[in-house]
Amino acid sequence: MAAAPFMFFLLATVAVVAAIGMLISRSPVYSALWLVLNLFCVAGLYLTLNATFIGVIQILVYAGAIMVLFLFVIMLLNLEALPRLEEINWTMVAGFALGVVVLSQLLYVIASGFDLPMEAMEATAETGSAELLGKHLYTRYALHVEVAAVLLLAATVGAVMLAQKRFQ
Amino acid sequence: MEVALNWYLGLSAILFSIGTLGVLFKRNAIVLLMSVELMLNAVNLTLVALSQSMGDPDGQLLVFFTIAVAAAEAAVGLAIVIAIFRRKLTVDITEINLFKF
């Protein structure tokens, strides 16, 4: 079972590199493509966790639908890269410090150890199966699914309302 | 050597922080929305890792709803970006300051 850590480190490294690439690339198209790579790596990490259904949904919805929407808007608006900032202003320094503080806080909370069952990481493939998730989704969480459907309908109507040519 | 839960949580923390830096640094409104997606994605990774390590499918159901909300957020956010671009011909958030005194 030496393949699991290898796969984890490979996918984790590529995911972090892709996230940093999204952060530092100046063209929005490149940022979107880096983010697609990151989403694929996270989907692979879901597969290493035996959460197959969520992994497939991640690729279908995130990498398939949402990122296509982003790329479509970028192409539609015909965006170019914004001009480079000449000087480093204090807000960037403050932002970087804030990000480092967030990271160190999160890592401190993780490292300081809340007692979790670390040995139960093996197997449990059945809790990630589409069958079990669908059973829960359409029985206990049926109302939530309905609310999510209404939310998506409202978002669709709102997006059409906002994007139509009415604000000229 | 087994992959521990802590590694997944640490990776998720790193991805979340990179998303935070993206929100704080980037001036392009569309890339800002993409950074928010990255942060949501990091939280999803935490939920799935904890759900699988505890053998409880509720975390993955929460991820399902998070993805639905993220899709709605992306659609509305991009529609707002299009509406602003129509009026101001830019997506630079330093120039979009309608609410600024």
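This is a predicted model: local features need pLDDT of at least 70, side-chain atom pairs count only at pLDDT 80 or more; totals for chains, interfaces and linings use all residues.
Of the 168 residues in chain A, 34% are buried. Among the contacts in chain A between residues at least 6 apart in sequence, 59% join residues that are at least 24 apart. The domain assignment divides chain A into domain 1, covering 1-80, and domain 2, covering 129-167, and the centres of these two domains, taken over C-alpha atoms, are separated by 23 Å.

Although Asn50(A) is not a glycine, it has a positive phi of about 70°, and with a relative accessible area of 27% it is partly exposed.

The next subject is how the two chains meet. In the model, 70 residues of chain B are in contact with 85 residues of chain A, and the two chains bury about 7000 Å² between them, with 78% of this area on carbon and sulfur atoms. On the side of chain B, the residues that lose the most area to chain A are Met34(B), Gln52(B) and Arg86(B), which together account for 9% of what that side buries.

Polar pairs also cross the interface of chain B and chain A, where the rule finds 11 residue pairs in polar contact, with both residues of each pair at pLDDT 80 or more. The elements that give two or more residues to the side of chain B that touches chain A are helix H1 (5-25), helix H2 (29-54) and helix H3 (58-88) of chain B. Of these, H3(B) gives the most, with 24 residues. Sorted by class, the side of chain B that touches chain A has 48 nonpolar, 13 polar and 9 charged residues.

Charged pairs can be followed one at a time. Side chains of opposite charge can pair when their charged atoms come close. Across the interface of chain B and chain A the rule finds 1 salt bridge, and over all chains the count comes to 2. The pair that crosses between chains runs from Asp58(B), in helix H3 of chain B, to Arg140(A), in the loop between helix H5 (130-137) and helix H6 (142-163) of chain A. In this salt bridge between Asp58(B) and Arg140(A), the closest N and O atoms are 3.0 Å apart. Asp58(B) counts as partly exposed, at 24% relative accessibility, and Arg140(A) is partly exposed too, with a relative accessible area of 48%.

A salt bridge is also formed within chain B, between Arg27(B) and Asp92(B), whose closest N and O atoms are 3.3 Å apart. This pair links distant parts of the chain, for Arg27(B) is in the loop between H1 and H2 of chain B, whereas Asp92(B) is in the segment after H3 of chain B, 65 residues away. Both Arg27(B) and Asp92(B) are buried.

A last stop is Ser51(B), which has its place in helix H2 of chain B. Ser51(B) is buried because its relative accessible area is 4%, a value under 20%. The side chain of Ser51(B) reaches the backbone oxygen of Asp56(B) at 2.6 Å. Leaving aside neighbours within four places in sequence, Ser51(B) is in contact with Asp56(B), Pro57(B), Gly59(B) and Gln60(B).

Methods. Residues are numbered from 1 along each chain as its sequence is written. Chains are lettered from A and ligands numbered from 1 in the order in which they are written. Side-chain values use heavy atoms; hydrogens and water are left out. Contact means heavy atoms within 4.5 Å. Buried area is the accessible area (1.4 Å probe) that two parts lose on being put together, summed over both. A salt bridge is a side-chain nitrogen of Lys or Arg within 4 Å of a carboxyl oxygen of Asp or Glu. A polar contact is a pair of N or O atoms within 3.5 Å; within protein, one must be able to donate a hydrogen and the other to accept it, and residues adjacent in sequence count only if both atoms are side-chain atoms. Helices (H or I, at least four residues) and strands (E, at least two) are DSSP runs, numbered from the N terminus. Ala, Val, Leu, Ile, Met, Phe, Trp, Tyr, Cys and Pro count as nonpolar, Asp, Glu, Lys and Arg as charged, and the others, Gly among them, as polar. Buried means under 20% relative accessible area, exposed over 50%, partly exposed in between (1.4 Å probe, protein chains only). Domain bounds come from an automatic or database domain assignment.
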